[in-house]
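Hi everyone, thanks for coming.

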Amino acid sequence: MPGGGTSLVLDFDGTITEIDLLDEISQRFGDPEVFRELDESLDTGSLTLQAVITREFAPVRAPLADVVAWVLGNARVRAGFRELVELARLREWNVVVLSSGFHELIEPVLAREQVEVDVVANRLDPRPTGWRVLWRDETVCAVCGEACKRRALPAAGRIVYAGDGFSDRCAALASDRVFATKGLARYLDEQGAPYEAFDDFFDVAAQLGDVA
């Protein structure tokens with residue numbers, strides 16, 4: 001397939017960034033006890049990811065500007081991010097950040113890194129009485145039973161996907177080539193699904209080689 005028919009789709013929290021900003025913010029600026037309880041609910045499957053994120057951010061009352069300042073001071077991107085995006089562009093691939101997080105937190109980090117890519121994510125209503133999540137799409141997936149990322153994948157062409165966690169599961173299974181780390185890698189092992197492991201984006205670029 002020619003380069004223009006390929007999309008490189010990257011998760012943000014814990015994939016582009018070294019830490020999961022959703023987890024960090026919900027604990028630092030919200031209620032750590034609520035976070036622990038909800039994290040366990042996600043592990044047991046008693047709540048959907050969308051329900052967990054909604055409830056985790058309800059106790060966050062800090063001004064958005066303060067949280068963004070913390071993000072810019074503490075969120076490091078995984079090594080090789082800019083170089084991987086440049087490689088994809090040389091091949092005329094479409095590059096998309098597909099996240100269960102928020103434009104308001106993602107875009108400042110991308111601007112700091114001077115990387116311009118398409119972003120598909122949710123939005124925030126950061127009320128002083130508690131942050132509300134404005135979901136991009138609440139349609140329940142027929143495959144996984146959650147409002148997942150699968151529907152937001154590019155509709156045509158080949159998909160190269162990189163992710164690290166729960167929110168990446170269904171989208172990864174729908175992609176043509178997958179790079180996985182941490183929880184996503186463990187899940188794909190359990191499913192017997194193929195993937196390539198990575199530590200940083202230099203690994204991804206090296207494994208892509210001449211043909212993806």
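I'll start with some ground rules, then visit a few residues, and finish with helices.

This is a predicted model, in which local features need pLDDT of at least 70, side-chain atom pairs count only at pLDDT 80 or more, and totals for chains, interfaces and linings use all residues. Residues are numbered from 1 along each chain as its sequence is written, and side-chain values use heavy atoms, with hydrogens and water left out. When I say helix (H or I, at least four residues) or strand (E, at least two), I mean DSSP runs, numbered from the N terminus.

Let's begin with K149. Please find the loop between β4 (130–134) and β5 (158–163), where K149 has its place. Is K149 buried or exposed? K149 counts as buried, because its relative accessibility is 2%; buried means under 20% relative accessible area, exposed over 50%, and partly exposed in between, using a 1.4 Å probe and protein chains only.

Which side chains does K149 meet in polar contacts? One is the side chain of D11, at 2.8 Å, and another is the side chain of D168, at 2.9 Å. A polar contact here is a pair of N or O atoms within 3.5 Å; within protein, one must be able to donate a hydrogen and the other to accept it, and residues adjacent in sequence count only if both atoms are side-chain atoms. Leaving aside neighbours within four places in sequence, K149 is also in contact with residues including L98, S99, S100 and Y161, where contact means heavy atoms within 4.5 Å.

Next comes N122, in strand β3 (residues 118–127). N122 counts as buried too, with 4% relative accessibility. Its side chain reaches the backbone nitrogen of R136 at 2.9 Å. Not counting residues up to four places away in sequence, N122 touches a list of residues, among them S99, S100, H103 and W135.

For contrast, go to R36 in helix α3. R36 is partly exposed, with a relative accessible area of 42%. The side chain of R36 makes a polar contact with the side chain of E33, at 2.7 Å.

Now for the helices. Helix α4 (residues 49–57) is mostly covered, with seven of its nine residues buried. These are L49, Q50, A51, V52, I53, E56 and F57. What covers them includes α2 (21–30), α3 (32–44), β2 (94–102) and β4.

In helix α9 (residues 182–191), the buried residues are G183, L184, A185, Y187 and L188. They pack against β5, α8 (169–173) and β6 (177–180). Just after α9, G192 takes a positive phi of about 70 degrees.

Last stop: a pair of helices. The axes of α6 (residues 81–90) and α10 (residues 201–208) come within 8 Å and cross at roughly 30 degrees; axes are lines fitted to C-alpha atoms, for helices over the stretch in contact, and angles run from 0 to 180 degrees between N-to-C directions. That makes α6 roughly parallel to α10, since angles under 35 degrees count as roughly parallel, over 145 as roughly antiparallel, 65 to 115 as roughly perpendicular and the rest as oblique. The contact is made by F81, E83, L84 and L87 of α6, together with F201, F202, V204, A205 and L208 of α10.
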